[in-house]
Amino acid sequence: MSIIEKALDKSRTRPRQGTGSGDERSAPFGVAAPAPEPSRSKQVHIDFAWLRKQGIVIPGEERSSIAEEFRIMKRPLLNNAFGRHSAMQIPRGRLIMVTSALPREGKTFTATNLALSIAQELDRTVLLVDADVARPAIPITMGFEADRGLMDVLTDPGIDLPDVLLRTNLENLTILPAGRPHGRSTEILASDVMMRLINDLHERYDDRVILFDSPPLLATSEPGVLASHMGQVIMVVDADRTPAASVEQAMEQLQSCDVVLSALNRAPALPGLGYYYGGSYYHGREHEVPARAGA
């Protein structure tokens, strides 16, 4: 067992501390459905050739090992979000955050591939939110430019959500860029304005997965705040590179989350298999989730 797996096991067996956030996630979020987003959202073109150079899933192309990896990875997430019976659904399970303990462990790579994979579902849509407001990476990863975004909606009353949403050349994928940086980003992400925005995103369409590319947990305080609003969290761990102590420390910030899955990145391939394995846990229930070795 690697030091990473030992760290995950240690965090998995540690008792949860009550935070009160479970009651917040179970509460109803209003009775009136928000109006559909106006058509004034801008459209951007995702550069598939650029994605291919980075080893990212290309929608519509022939089956590949990486595409299969993320098909397997997304299935428990979608089952948690859209269980056939309400008792099987995770509260706010359509709100998913992808994070890591330290920078350069592959969280943006994972979030991008996962978003593209979910966008290929026949009856689901996905909104990819670049919540790494200090070091946004989604635009450069997907090959387009972006200016205004999340922070602008939260700080400028004259900017509405449809003004900054980016429709893409994939019908089921929309992107919310990070926007312009702000010196009080932590306080803004912890504010009532952010909570209302998340609730709006969650309630607007019941077939939508909202996927947040978060900053690393130990690099800044924003992801700990953001995690408290999520239904599911994916913790990307660089195999045999990330110190076990860092994984343990990062996991401490996720104690309030009902569902935390770990994805082991850059792991050696198992003999005879085309994908790589990471562990996942649902506070005591263990599963296997594959993770792609990539940047």
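In this predicted model, the contact between helix 4 and helix 5 (contact meaning heavy atoms within 4.5 Å) brings Ile 66, Phe 70, Arg 71, Met 73, Lys 74, Leu 77 and Leu 78 of helix 4 against Phe 109, Thr 110, Asn 113, Leu 114, Ser 117 and Ile 118 of helix 5. The residues of this contact comprise eight nonpolar, three polar and two charged, where Ala, Val, Leu, Ile, Met, Phe, Trp, Tyr, Cys and Pro count as nonpolar, Asp, Glu, Lys and Arg as charged, and the others, Gly among them, as polar. The axes of helix 4 (residues 65-81) and helix 5 (residues 107-118), fitted to C-alpha atoms over the stretch in contact, with angles from 0 to 180 degrees between N-to-C directions, come within 9 Å and cross at roughly 80°. The two helices are therefore roughly perpendicular to each other, a term applied to angles of 65 to 115 degrees.

Residues are numbered from 1 along each chain as its sequence is written. Local features need pLDDT of at least 70 and side-chain atom pairs count only at pLDDT 80 or more, whereas totals for chains, interfaces and linings use all residues, and side-chain values use heavy atoms, with hydrogens and water left out.

The chain has 12 helices and 10 strands, taken as DSSP runs numbered from the N terminus (helices H or I, at least four residues; strands E, at least two). Of its 295 residues, 53% count as buried, that is, under 20% relative accessible area with a 1.4 Å probe and protein chains only.

Strand 6 (residues 208-213) is mostly covered, six of its six residues being buried. Arg 208, Ile 210 and Phe 212 point one way from this strand, while Val 209, Leu 211 and Asp 213 point the other way. In a regular strand the side chains alternate between the two faces of the sheet. Strand 6 runs parallel to strand 2 (residues 95-100), to which four bridges join it, and also parallel to strand 3 (residues 125-130), through six bridges; strands pair if DSSP finds at least two bridges between them. Met 97 has Phe 212 as its bridge partner in strand 6, and Thr 125 has Arg 208.

Phe 212 is also, with Leu 150 and Leu 254, among the residues with the most contacts inside the largest nonpolar core, which has 40 residues; such a core is a set of buried Ala, Val, Leu, Ile, Met, Phe, Trp, Tyr and Cys residues joined through side-chain atoms within 4.5 Å. Apart from this core lies another, of 39 residues, including Phe 70 and Leu 170.

Terms used: Buried means under 20% relative accessible area, exposed over 50%, partly exposed in between (1.4 Å probe, protein chains only). Angles under 35 degrees count as roughly parallel, over 145 as roughly antiparallel, 65 to 115 as roughly perpendicular and the rest as oblique.
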